[in-house]
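Here is a friendly note to read alongside the model. Please keep the 3D view open as you go through the points.

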Amino acid sequence: MTAEVLSFYSDTPRSSMYIVDSSNHGVPDALIDTDKQIVFDQSAQCGERPTKTELELCSLNYAFQRTDFGRRHTHVIKITGKYKLPSLYVMLCHTILPETDLILQHSSRHHKQHTEILGFRVARFQEIFSDLQSLGGNLETRVFRLLQSNKYVVQRLDKIRVEPPFYRRGNNSVLQSL
């Protein structure tokens with residue numbers, strides 16, 4: 001699935017794409033240059049018996065510790081690797097405001113912010129990450145609570161259509177847009 005999704009983003013300059021692979025496999029460098037792959041063994045880096053949220057936060061933090069995103073980028077956007085989003089790169093290049101600290105996908109629900117797309121201003125990542133770690137609940141609940149603080153400049157993206165095939169999420173639902 002990863003190779004298929006990465007191939008889908010052929011309109012995205014490879015210099016702007018990174019993958020974080022916590023299963024320690026990576027992808028062929030024909031898809032993403034090796035120096036743009038943050039590949040590690042989650043079980044060795046993220047402690048014993050971590051929750052799903054702890055794994056997600058561990059992966060984000062690991063990527064930021066190992067890569068100097070700020071040298072070339074003002075914002076980094078995490079996208080769950082099973083979604084194909086048409087014209088994503090073009091939309092992001094023309095939409096993200098420089099002062100935005102936190103980039104969120106359109107969809108949310110009561111007391112939760114979906115995080116299939118979650119972006120950060122690189123200069124404020126450590127502060128945002130620290131705040132997320134200090135909050136309770138799963139990642140979606142933590143991001144929602146972070147929004148309630150009004151501490152960060154937030155930008156919510158327009159609804160983005162997902163290209164089929166549609167994959168089930170952790171709660172067994174299927175998203176056709178983010």
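**Notes on the fold**

1. In this predicted model, 42% of the protein's 178 residues count as buried (under 20% relative accessible area with a 1.4 Å probe, protein chains only; exposed is over 50%, partly exposed in between).

2. A word on the ground rules: residues are numbered from 1 along each chain as its sequence is written, and side-chain values use heavy atoms, leaving out hydrogens and water. Because the model is predicted, local features need pLDDT of at least 70 and side-chain atom pairs count only at pLDDT 80 or more, while totals for chains, interfaces and linings use all residues.

3. The protein has six helices and eight strands; these are DSSP runs, with helices (H or I) of at least four residues and strands (E) of at least two, numbered from the N terminus. Along the sequence they follow the pattern α-β-β-α-α-β-α-β-β-β-β-α-α-β.

4. Now find the open sheet of four strands, ordered β3-β7-β4-β8 with mixed pairing. Strands pair if DSSP finds at least two bridges between them. At the edges, β3 (75-79) and β8 (154-156) each pair on one side only.

5. Which strand runs parallel to β4 (residues 102-104)? The partner is β8, joined to β4 by three bridges. One to look for pairs Leu104 with Arg156 of β8.

6. Finally, contacts (heavy atoms within 4.5 Å): among those with a separation of 6 or more, 60% come from residues 24 or more positions apart. The C-alpha trace spans about 40 × 40 × 35 Å along its principal axes.
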